[in-house]
Amino acid sequence: MSWLRPASDALWRHPRLLLALLLVPPVAWLGVVYLGSLFALLAQSFFSIDEFSGLIVHEFTLKTYRELLNPANLDIILRTVTMAAVVTVAAAVIAFPIAYYAARYARGPWKAVFYLGVMLPLWSSYLVKVYSWKLILAKEGILSWLFETLHLTWLLDAYLAIPVLGGNSLSVSWTGTFLVFLYVWLPFMVLPVQASLERVPLSVIEASGDLGAAPGQTFRHVILPLALPGVIAGSIFTFSLTLGDYIIPQIIGTSRLFIGQAVYSHQGTAGNIPLAAAFAVVPIVIMGLYLWAAKRKGAFDAL
Amino acid sequence: MTSAVRFSGVSRHYGAVRAVDAVDIDIAEGEFFAMLGPSGSGKTTCLRLIAGFEQPTAGRIEIFGQPAQGLPPYRRQVNTVFQDYALFPHLNVIDNVAYGLMIAGRGKAERHREAEAALEMVALPGYGGRKPSQLSGGQRQRVALARALVMRPKVLLLDEPLGALDLKLREAMQEELKALQRRLGITFVFVTHDQGEALSMADRVAVFNQGQIVQVGAPQDVYYRPQVPFVADFVGSSNVLPPALTERLTGTRRFASLRPEAVRLAADGLPAVLRSASFHGANTRAVFETEDAQIVALLPKGVEIPPEGSAVHLAWDAADLHLMTGAS
C-alpha cells in the first residue's frame with residue numbers, strides 16, 4: 001500500500017515515536033487497570049462498614065485495620081504466611097537440583113525433555129490438577145491404596161495421627177494442602193533458578209576448585225550466591241501465589257481459612273469490602289518487606 | 001633438577017577423538033614452558049590435565065614427583081589463570097584475590113593484607129573495592145593473575161591469558177609476565193596459539209599438532225631448526241622444500257626448511273618465476289614459483305624488484321637450508 005511506505009519512513013526517522021507507540025498501550029493498561037485498581041483497593045481498606053446497616057462508610061478510618069488485627073484474623077494471616085514460607089522453601093530445595101541438572105548437564109533432546117517435563121503440568125487446567133490431587137490424597141484414594149498394597153497403612157495412620165500436620169485423611173490435612181501447593185507452583189521456581197544457573201560460566205566453577213574449594217564450598221561460595229537472584233525470583237512467584245490462592249485450601253485441607261479465602265468470603269457473602277481490601281493489602285505489604293530484606297541482604301548483587 | 005610436571009604417555013580421548021595422544025612432557029622446576037599450537041591441537045587439554053579439570057584416559061601425570069591421577073583440582077598445588085579470567089562476578093576485587101585464602105581458612109585481616117600485596121605486585125594497588133565488571137580487560141587479567149599468585153602455587157598455568165588484550169597491552173604484559181616469572185621463580189606453563197608470544201617469553205616451547213607434541217626445544221631451535229614441516233610452517237612461516245627438490249640441491253632426499261629472509265636474488269642459482277610481490281615496510285614479501293615448490297622471500301629495502309612474471313634465480317647461504325628429520 002502506498003501510504004505504508006511514508007509511514008514506515010517516518011517511524012524510521014523518529015525511533016522514539018515508534019518506541020512510544022509500542023509502549024503506550026501496555027503502559028496505559030498497567031497504569032489504569034492494574035495500578036488504578038490497586039489504589040482503589042488501598043483506598044477501600046481505609047473505609048469501614050456500618051455494623052447495623054451493612055453499608056460502607058466513605059470516611060478515612062483505621063477501624064478496618066484494627067479489625068484485621070483481631071486474634072481470629074491474625075490467625076488466618078499467620079497460617080497463610082507460614083504455609084507460603086514452607087511451600088517456598090520446599091520448592092527451592094526440590095527445584096535446585098532439577099534446575100542445576102538442566103542448566104549444567106542436559107543437552108539437546110534432554111533439554112527439551114526437561115522443559116517439557118517442567119512445563120507440561122502448566123498446560124492442563126489448574127482446577128483439573130487440584131481435583132486429581134483430591135483423588136490421589138482422599139481416604140479411599142490412590143495414596144492410601146498404595147500404602148495398603150505395600151502393607152504400610154500403619155505408617156500412613158501414624159503420620160495422620162500427628163496433631164497439626166495430620167487429620168482424618170491426607171486430603172483434609174495441612175500436609176495435603178502443602179503437597180498440592182508445592183506441586184502446582186514448582187515450575188515457577190524451577191524456571192528462574194535454571195535461567196540464573198545457566199548464566200554461571202563453567203570456568204568460574206572450575207576457578208573455585210582451582211583455588212582449593214571442595215565441591216561443597218564451591219556451591220556455598222560461588223554457585224548459590226550467583227543463583228540467588230533466580231531463587232529470589234522463583235520465591236516471589238511461589239510465595240505470592242500461595243499467599244493469594246483461595247481455591248486449593250478450599251478443595252484440599254482443613255476448614256480453616258487462608259487469606260485468599262478470607263478476601264473471597266468478605267467481599268462476597270459478607271459484603272465487607274473494606275475488610276476484604278485490608279486482607280488483600282497484607283500480601284502486598286509482606287512481599288514489599290520480603291523484597292526489601294532480600295535487596296538489603298545483597299540477593300540482587302549478582303544481577 | 002626436579003621436574004615440576006611430567007607426562008608419560010598421557011592420552012585423553014573423547015570417544016574416537018584423540019584430543020591428547022600419547023604425550024610425554026618433562027617440565028623443569030622454575031621453567032617458563034610454552035605449549036604452542038593451532039586451536040584443537042590438544043595444548044589446552046594438556047593444561048587442563050595438569051590443573052585436574054580433566055583426567056587422562058591413559059598414561060601417568062606427576063606433579064613434583066607426586067602422581068596426580070584421581071587427584072581433584074582442589075588438592076593440587078597448581079593454580080590457573082583462565083582464558084576468560086573467570087573472576088567471581090559477585091565478589092569485589094579484594095575478595096576475588098583473597099578467595100583461595102578464605103577457603104584455606106585464613107582470617108579476614110590476614111587474607112586481605114596478602115591480597116593487597118598481590119594486587120600491588122600486579123600494579124593494581126587500591127583497586128580492591130571495585131567489582132570485576134568495573135575493570136578493563138587488562139585489569140581483569142591482572143586480578144586473575146594476582147588471585148592465582150596469592151596462593152603461592154608450585155606451578156602456574158596460563159591459558160591464553162593475553163588472547164583478549166589489544167596488541168600494545170599484550171606486548172607490555174608479555175614483558176611483565178616474563179619479569180614476574182624470573183622474580184618469583186615459579187614454574188609457568190603457558191598455552192598460546194601465537195608463535196611470537198611463545199618464542200619471546202618461553203625458555204622452552206612444545207609445538208602441538210593433532211594431539212601430539214611434534215617438537216620441543218628452545219625458541220631458537222624451534223624457529224631455526226624445525227624437525228618437521230608443520231613446525232617450519234607454523235612457527236616460523238618458513239619455506240618447506242619437498243624431498244625431491246632438496247635432493248637436487250644437496251643430494252639428500254629429505255624435507256628441508258628455508259627462512260624467507262635468507263632467500264636473495266642472484267645471477268645464478270635456482271631458477272624461479274616471480275608470482276607476486278607485496279610491500280611490507282622494512283622489506284618486500286615476494287612469492288616465487290620453482291619447478292616443484294613455492295618459495296617466499298623477504299627482500300630487504302633497496303633490492304630492485306623485477307616485474308611480476310619475470311624469470312629470476314634464487315640463492316642462499318648453504319647454512320640457511322636446514323634439513324629436517326621428521327617425515328611429515
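Author: A residue is called buried here if 20 or more other C-beta atoms lie within 10 Å of its own. The model under discussion is predicted.

Reader: How many residues of helix α1 (residues 43-51) of chain B are buried, and why is the helix described as largely enclosed?

Author: The buried residues of α1(B) include B:K43, B:T44, B:T45 and B:C46, together with B:L47, B:R48, B:L49, B:I50 and B:A51. Just after this helix, B:G52 adopts a positive phi of about 100°. Helix α1(B) is largely enclosed by the rest of the structure because the buried residues number 9 of the 9.

Reader: At what angle do the axes of helix α5 (residues 109-123) of chain A and α9(A) cross, and what is the handedness of the crossing?

Author: The two axes come within 9 Å and cross at roughly 145°. On the α5(A) side the contact is made by A:V118, A:M119, A:P121 and A:L122, and on the α9(A) side by A:P187, A:V190 and A:L191. The crossing of α5(A) and α9(A) is left-handed.

Reader: Which helix gives the most to the side of chain A that touches chain B?

Author: In this interface, 17 residues of chain A are in contact with 18 residues of chain B. Helices α10 (202-210) and α11 (215-244) of chain A each supply at least two residues of the side that touches chain B. The helix that gives the most to that side, with 6 residues, is α10(A).

Reader: How far apart do the C-alpha centres of domain 1 and domain 2 of chain A lie?

Author: Chain A is divided into domain 1 (1-36) and domain 2 (71-296). For residues 77-291 of chain A, an unreviewed UniProt entry lists "domain: ABC transmembrane type-1". Over those residues the chain is 78% helix and 0% strand, with the end C-alpha atoms 19 Å apart. The C-alpha centres of domain 1 and domain 2 of chain A are separated by 39 Å.

Technical notes: Residues numbered from 1 in each chain as written. Chains lettered and ligands numbered in written order. Predicted model: local features only at pLDDT ≥ 70, side-chain atom pairs only at ≥ 80, totals over all residues. UniProt positions renumbered as here; feature names shortened; annotations may be inferred. Helix = DSSP H or I, 4+ residues; strand = E, 2+ residues; numbered from the N terminus. Domains from an automatic or database assignment. Axes fitted to C-alpha atoms, helices over the stretch in contact; angles between N-to-C directions. Left-handed = near helix turned anticlockwise from the far one by under 90°. Contact = placed C-beta atoms within 7 Å. Buried ≥ 20, exposed ≤ 12 C-beta atoms within 10 Å, placed from the backbone.
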